[in-house]
Amino acid sequence: VDLSVSVLGHTFANPLMNAAGVCCSTTEELDSLLASASGTLITKSCTAQQRDGNPAPRFKPLPLGSINSMGLPNEGYEYYAEYVSHRAKGGAAAKPIFFSISGMTMQDSADMAAKLAAHPQGANVLLELNLSCPNVPGKPQIGYDMQDMRRYLEAVTAVYPRPFGVKLPPYFDMAHFDQAAEVLNAFPSVAFLTCINSVGNGLVIDDTCDTVAIKPKNGFGGIGGEYVLPTALANVNAFRTRCPEKVIIGCGGVLCGRDAYQHLLAGASLVQVGTQLWKEGPDAFRRIRDELQAHLARKGYGADRDAIGKLKVIE
Ligand SMILES: O=C(O)c1[nH]c(=O)[nH]c(=O)c1I
């Protein structure tokens, strides 16, 4: 089965990649993804300057997923810009690299986008603008404020001439799908949407000691893993139907090849792996890729792209 996917002006060997934030904060981590069976990779969301993030414990793996309130720890824009200078390649050996930006202010995000636009490897980098970080105390999610989202996209499109994408939070109401899609469809250069970020502000309790699992925000943090697959699939499908000109990247609840297949059916062209990558390491990509390949073969598909968006409803 041909797993290659050609979207956004690039061809990927397979649809799998990491979710921003997981196994992608340092050169070593990023190189381990580059060496893995993933089709591509994305850098940790960066801010203008290096950030330590929230106090630990700030991440906990759970039987059915994970909770995190990292607080946007990262090495700063220049570190990741330097990384893509060496690693992003064009031409035959192309391995385009996704670059996640999550400025502390709109101006910071616009400034970093402008720098990325001028980057020598700019044509081999795909910007994923993170509008959905749920864990910086005092910073409400941009993706949940439609006017804010419009302002951010106006600021970034004014300085970033290339097609780029947006990392969206999960929405849970049809009216919100409609409102968000209306904003996003007003920006043709928003070429892809990554659905979803973690389900914000969950609370995990360790009842052996009657205490919350993580320290920041009195234990409130983003939920990932098996818990979120139905919500992720709904958001992939909702934006696929509302934004037919945009590419959808699925993220959320992918543990195995069949989960990735469900994201393709729902409308995703690429599929990100977060919590399971944290638990299993980059070898997860070979396993999930092979499982996806086997599943598509069993279903009689010649290529994974033939499955994209093929979800049937009950008439
Ligand atoms: O706390 C984080 O660093 C974080 N954690 C998430 O679950 N999603 C995000 O977009 C971010 I920027």
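## Two cis peptide bonds

Ile196 sits in the loop between β10 and β11 (199-203); strands are DSSP runs (E, at least two residues) and helices are DSSP runs too (H or I, at least four), numbered from the N terminus. The peptide bond from Cys195 to Ile196 is cis, with omega near 10°. A cis bond also joins Ala56 to Pro57, with omega near -5°. Pro57 belongs to the loop between β4 (41-42) and β5 (59-62).

## Basis of the model

This is a predicted model, in which local features need pLDDT of at least 70 and side-chain atom pairs count only at pLDDT 80 or more, while totals for chains, interfaces and linings use all residues. Residues are numbered from 1 along each chain as its sequence is written, and side-chain values use heavy atoms, with hydrogens and water left out.

## The ligand and its surroundings

The ligand is surrounded by Lys44, Asn68, Met70, Gly71, Leu72, Pro73, Asn130, Cys133, Pro134, Asn135, Asn197 and Ser198; a residue is near the ligand if one of its heavy atoms lies within 4 Å of it. This shell divides into five nonpolar residues, six polar and one charged. Here Ala, Val, Leu, Ile, Met, Phe, Trp, Tyr, Cys and Pro count as nonpolar, Asp, Glu, Lys and Arg as charged, and the others, Gly among them, as polar.

A polar backbone atom of Gly71 is 2.9 Å from a ligand oxygen atom, and a backbone N or O atom of Met70 lies 3.2 Å from an oxygen atom of the ligand. Taken alone, the ligand exposes 320 Å², and the protein buries 92% of that (accessible areas by the Shrake-Rupley method with a 1.4 Å probe).

## Positive phi values

Leu8 is a residue other than glycine with a positive phi, near 60°. Leu8 lies in the loop between β1 (5-7) and β2 (10-12). Asn201, which is not a glycine either, has a positive phi of about 55°. Asn201 is placed in strand β11.

Is Asn201 buried, partly exposed or exposed? Asn201 is partly exposed, because its relative accessible area is 40% (buried means under 20%, exposed over 50%, partly exposed in between, with a 1.4 Å probe and protein chains only).

## Ser189

Ser189 is found in the loop between α5 (174-185) and β10 (190-195). With a relative accessible area of 24%, Ser189 is partly exposed. Ser189 and Gly165 are 24 residues apart in sequence, and their C-alpha atoms are 8.3 Å apart in space.

Notes:
Polar contact = N/O pair within 3.5 Å; in protein donor to acceptor, adjacent residues only side chain to side chain.
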